[in-house]
Amino acid sequence: MNKKSSKISTSNENYSHLELVNLGKIFFKEKKFIDFRSKGNRSGFEAIKDINLKIEKNTFVSIIGPSGCGKSTLLNLIAGLQAPTSGKIIIDGQAIKGPGPDRGVIFQNYALMPWLTTIQNIEFALNTVFPAKTKADVKERARKYLRMVGLEKASNKFPKELSGGMKQRVAIARALSINPNMLLMDEPFGALDALTRSYLQDELLSIWRKNKVTVVLITHSIEEALLLSDKIVLMSSGPSAIISEEISVDLERPRDREKIEQDPTYLKIKMRLEKHLLRETRAVEEVT
Amino acid sequence: MNKAISTRLTFAVAILSLLIFIILWQVIAQQGLLVKNFPGSFKTIGSLIWWVSDPFFDNGPNDLGIGTNLLISLRRVLIGYSLAVLVAIPLGVLMGMSKLAQSSLNPYVQLLKPVSPLAWLPVGLFVFRNSEITGIFVIFITSIWPTLINTAFGVASINPDYLRVSKSLGASKSITIRRVILPAIMPNILAGMRISMGTAWLVIVAAEMLLGTGIGYFIWNEWNNLSLENIFVAIIIIGFTGFILDQFFGFLQDKFDYSI
């Protein structure tokens, strides 16, 4: 808790890093591929509505909710990959108009380009964001971030030669290489086995400690949210999902995976989350 | 079974079946079991050796070496095919990316694709008044559809993750097309190019029967000479060339196979 408040006080801005104001998203029609401009008028599927949320600088926030509740939609909106139907997304006091390199995005399926080697994947991001940088600069920086995730030796391997965990580490390196001040993660460890997942969670925490970034993590794992976050945002079941609750996780950092599970605060929040998720999941399952 | 032994066995079986085929052919022809004067395999092989031992002679348009004719056909195919690919890939990308382009161009594609390209031959002759250009034109029309359709399909079914990454980095449309979409759809483009090449190679033979010179005309000419064994020689050469062309694309497809 102390750490969190000290972080906020060091930031010299008086507004939150990220602010969502009455955010809503309705999908009017299904799109087969990304159409660069499209708007429909038909009534559609309302994924989320009236989302209001403030996220402070350099905090770690998890968004948790039953499957299909529009968590990923929310993240896509913050990333600027989709435009909201209503409401505003304000970053550092400015409403965003689209995607930008101030936000690094990490996808569940790693989204590495299979025709590029590990280092080329990172170089692609760097070349796109910093077109003025020289080749040598780009290479050096790409190497630095591969080193950060412990994959310097795999720099000339292709994604298909890497394990799921390694791929996600490359994706993390790629997202951080462009020096964002916000990291948006969409169930980044969902496709990994339990051991790899734990390893990457620890890795992510240590990276987060060294690189000051605000993290928004979408997850459906209560344990993951509790281990990593300063704040957990609970979403209701969709459609028209809303934020039902925000919970501060007042646990000392660094958190130890084993010890934390004995902590009464941990257990109290965990119970609350389980109850909520069960209730919302039941709402989803019993409708169909 | 040991892999080396199995390869050797397959090879032996292939050789054996070829020998049986050659002998059967010879016996059937010799006994006149099919029709009278049907050339046997020995005569055909003799012809093949004769044509292949001096492939590039040129005694006027009705008496060209088989290699010369083959090169004429290959040249027409390569020019018409390359032009088609140069048009098909950008057009396919456009159709895959834009609903507007897709819906305005697709009716023409669907209407023209099932038409035998030979139907365009008179049109070509009328417009160009030149058999060489008409041949290239027919091959162009032949080659365009498979590559165009495969490219458009590739773009439309591209893994959306790649586009999201590109978009989240703020990449321009041009960077997205050049550095994400084109490499991502390389397997589709190559599959289309392979089908295009296969069809072009089929069509050139038929087209050349009507155009003069080339391996197709060679067949027509030998028909006029009633030399069936020379036609078999041409069939073998055409088949072998088509096989090589197809293998080349197979090799390229393996190179650009991103799957595990």
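## Basis of the description

Residues are numbered from 1 along each chain as its sequence is written, and chains are lettered from A and ligands numbered from 1 in the order in which they are written. Because the model is predicted, local features need pLDDT of at least 70 and side-chain atom pairs count only at pLDDT 80 or more, whereas totals for chains, interfaces and linings use all residues.

## Chain A overall

Chain A has 9 helices and 10 strands, where helices (H or I, at least four residues) and strands (E, at least two) are DSSP runs numbered from the N terminus. Of the 288 residues in chain A, 41% are buried; a residue is buried if 20 or more other C-beta atoms lie within 10 Å of its own, exposed if 12 or fewer, and partly exposed in between, with C-beta atoms placed from the backbone.

Among the contacts in chain A with a separation of 6 or more, 73% come from residues 24 or more positions apart. Two residues are in contact if their C-beta atoms, placed from the backbone, lie within 7 Å.

## The six-stranded sheet of chain A

In chain A, 6 strands form an open sheet with mixed pairing, in the order β6-β7-β8-β3-β9-β10; two strands pair if DSSP finds at least two bridges between them. The edge strands, each pairing on one side only, are β6 (103-106) and β10 (243-248) of chain A, and neighbouring strands of this sheet are turned by 15 degrees against each other on average, direction ignored.

Strand β4 (residues 86-91) of chain A is joined to β5(A) by 2 bridges, and A:Ile91 stands opposite A:Gln94 in β5(A).

Helix α2 (residues 71-79) of chain A is mostly covered, as 8 of its 9 residues are buried, including A:Leu74, A:Leu75 and A:Ile78. After α2(A) comes A:Gly80, whose phi is positive, near 85 degrees.

## Helix packing in chain B

Two packed helices are described by the angle between their axes and the distance between the axes. Helix α3 (residues 66-97) of chain B and helix α6 (residues 131-156) of chain B pack at an angle of about 30 degrees, with their axes 6 Å apart. α3(B) is therefore roughly parallel to α6(B), given that angles under 35 degrees count as roughly parallel, over 145 as roughly antiparallel, 65 to 115 as roughly perpendicular and the rest as oblique. The residues of this contact divide into 22 nonpolar, 8 polar and 1 charged, where Ala, Val, Leu, Ile, Met, Phe, Trp, Tyr, Cys and Pro count as nonpolar, Asp, Glu, Lys and Arg as charged, and the others, Gly among them, as polar.

The axes of helix α9 (residues 215-224) of chain B and helix α10 (residues 228-255) of chain B come within 9 Å and cross at roughly 165 degrees, which means that α9(B) is roughly antiparallel to α10(B). Residues of α9(B), including B:Phe218 and B:Trp223, meet residues of α10(B), including B:Ala234 and B:Ile238. By class, this contact has 8 nonpolar, 1 polar and 1 charged residues.

## Where chain B touches chain A

The contact takes 20 residues from chain B and 22 residues from chain A. On the side of chain B, the elements that give two or more residues are α7 (160-168) and α8 (173-211) of chain B, and α7(B) gives the most, with 8 residues. By class, this side of chain B has 13 nonpolar, 2 polar and 5 charged residues.

Helix α7 of chain B is also the place of B:Asp161, which is partly exposed, with 15 other C-beta atoms within 10 Å. Leaving aside its neighbours within four places in sequence, B:Asp161 is in contact with A:Phe107, A:Asn109 and A:Ala111.

Notes
Axes fitted to C-alpha atoms, helices over the stretch in contact; angles between N-to-C directions.
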